Amino acid sequence: MTRNDSQRYGLLAVLLAALSMIGPFSIDAIFPAFERIGAEFGVGADAMQQTVSVYLLAYAAMSLFHGALSDAYGRKPVIVIGMLCYGVASMGAALADSFTMLLVFRGLQGLCAGAGIVVGRAVVRDRLEGAAAQRLLARALMIFSVAPAIAPMVGAFILGVSGWRAIFWCLAGFAWLMALACALLLAESHPHAARTRFAPGPLLAGYRAIARDSRFWQLTIAATVNFSSLFLYIASAPVIVLQHLGLGAHGFPWLFVPVVIGLMGGSALSGQLAGRISARRTIRMGYLLMLVACVAHVTLAYALPQPRVPWSMLPLAVQGIGVQLAFPTLTLLLLDRFPHRRGSVSAVQAGLSLLFNAIVAGVFSPLLSVSMVELAWGTCLLTAIGWVAWYRCECSLRRLHPTAGPEAVPAESEPVEPA
C-alpha cells in the first residue's frame, strides 16, 4: 500500500468510525439524564429503559433495508440521507413535550442511525480484501471504541450545563456534520454495474438465500451474542453505577472506561494479527479471553457481595479485548458469504444483532441487573452460546475441507449466491 493509499484509507477509517459512533452516543449519552427525564415526564426506571429498547428495535427493523438500498442505489446516498434524517429525529426528541413523543422520536432515530454502520461495513469490503480489509475494519473499530466511554461523560457534561434536551441537540448537530463530511469526502464504492434491483421479488429472494445459509447463521449468532455478553453490562449501566456501586451521574466512566480499553485493545490486536495468523486462530484467541473474563466476573460477583471499583469492573476490559479481537474476522467472513449482496448481508446481521440487543436491554437487563451475580451468569451464558455457534461453523468447515490445515481461513472462497 502506497503512502497516498494509507492516507486515503486512514481517512475512510475515521469517517466510518465517526459514523459508527452515532449508535453508542444515541444510547450511552442519555444514561446520565435518565433520572431527570423520568422526573420531568413522571415515569420510572423501567419505562426509561424502553427508550433504549425502542431505539434498538427500530434500528434493527430498518437495518434490513439500509443494506438493500445501498446495494441498489449506492453506499454514499444511503449514508448521507440517513444522517440528515437522524438529525431531524434528534431535533424532534429535543423538542418532545411528553414521554410518548420522546419514544416516537427515539424510534425515528433508530430508523436512521443504522445507515452509517451497516453500510460502512460494506464499504470496507468493497474497497479491500483479506488482511487489508481486516486491518481497516480493526482501525475503524479502534477509533469507534472510545465512544462508549466518552458518550456518558459528554452526556453528563451537557446535562450539567444545559439540561437533557441539549444532549439531543448535540446529536442532531453531529449527524448533520457527518452528512456534510460524507457528501464531500466519501467516494462511492459500489459501482452501477454491481448494483442489484430494489424490488420486493429480488429483495425477498436475496434474504431467502441468506436465511438458507447455515454458516451465515452460525457466524451471525457468534458475532451477535459475543457483543451482547458485553452489552448486557452496558445496558445495565444506570443500575450498576447508580445503585450497585452507589456512584452519581459522574461515575459512569468506572464502567465505560474498562469497556473502551478492552474494545480498543482488541481492535488494535486484531489489526496487528491480520495476515499473520489464520482467522480460526484469531477467533479462538478471542474466545479464550472471553472465557477468562467470564470466570473473573463470576468469581468477583461472589467474592464481593458489595461491588467495588475498580475490581468489579476490571473483567470488562478483558471481555472487550476478546469480543473485539474476534469481531472483525467474523464480520468479514460473513460479508464474503454473498459477495454481490454485502450490503444486505451486513444489514441482516446488524438487524438481528440490534434486535437481540433490544431484547437484552428491555428484558435481560431489567431481570439480571438486580445483582452482579445474575449479570455474571448472564454474560457467561451468552458467551457460551457464541462459542457453540462458532464451534459448529468450524466443524462444518473441517468436514468440507478435511485436508485443510489448522491455519486455513474459513469459507472466503465459498460464497453462496441466490439462483
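Helices (H or I, at least four residues) are DSSP runs, numbered from the N terminus. The expected span of a helix is 1.5 Å times one less than its number of residues. This is a predicted model, where local features need pLDDT of at least 70, side-chain atom pairs count only at pLDDT 80 or more, and totals for chains, interfaces and linings use all residues. Residues are numbered from 1 along each chain as its sequence is written, and side-chain values use heavy atoms, leaving out hydrogens and water.

View 1. Helix H12 covers residues 253-273. Its 21 residues should span 30 Å at 1.5 Å a residue, and the end C-alpha atoms are 29 Å apart, which agrees. Buried residues (under 20% relative accessible area, 1.4 Å probe, protein chains only; exposed is over 50%, partly exposed in between) include Leu255, Phe256, Pro258 and Leu273 in H12. Just after H12, Gly275 has a positive phi of about 85°.

View 2. A salt bridge puts a side-chain nitrogen of Lys or Arg within 4 Å of a carboxyl oxygen of Asp or Glu. The structure holds 2 of them. Glu40 pairs with Arg165, with the closest N and O atoms 2.8 Å apart. Glu40 lies in helix H2 (residues 34-41) and Arg165 in helix H8, so the pair ties together parts 125 residues apart in sequence. Glu40 is partly exposed at 44% relative accessibility, and Arg165 is partly exposed at 25%.

View 3. Arg284 forms a salt bridge with Glu394, and their closest N and O atoms are 2.4 Å apart. Arg284 sits in helix H13 and Glu394 in helix H16 (residues 372-400), so this pair joins parts 110 residues apart in sequence. Arg284 is partly exposed, with a relative accessible area of 34%. Glu394 is buried at 5%.

**View 4. Arg106 in helix H5.** Arg106 belongs to helix H5 (residues 99-127). Arg106 is buried yet has no salt bridge. The nearest side chain of opposite charge (Lys and Arg count as positive, Asp and Glu as negative; His and the chain ends are not counted) is Asp28, 8.3 Å away. The side chain of Arg106 reaches the backbone oxygen of Ser26 at 2.7 Å.

**View 5. A cis peptide bond in a loop.** The bond from Val309 to Pro310 is cis, with omega near 0°. Most peptide bonds are trans. Pro310 lies in the loop between H13 and helix H14 (315-335).

Key. Helices (H or I, at least four residues) and strands (E, at least two) are DSSP runs, numbered from the N terminus. A polar contact is a pair of N or O atoms within 3.5 Å; within protein, one must be able to donate a hydrogen and the other to accept it, and residues adjacent in sequence count only if both atoms are side-chain atoms.
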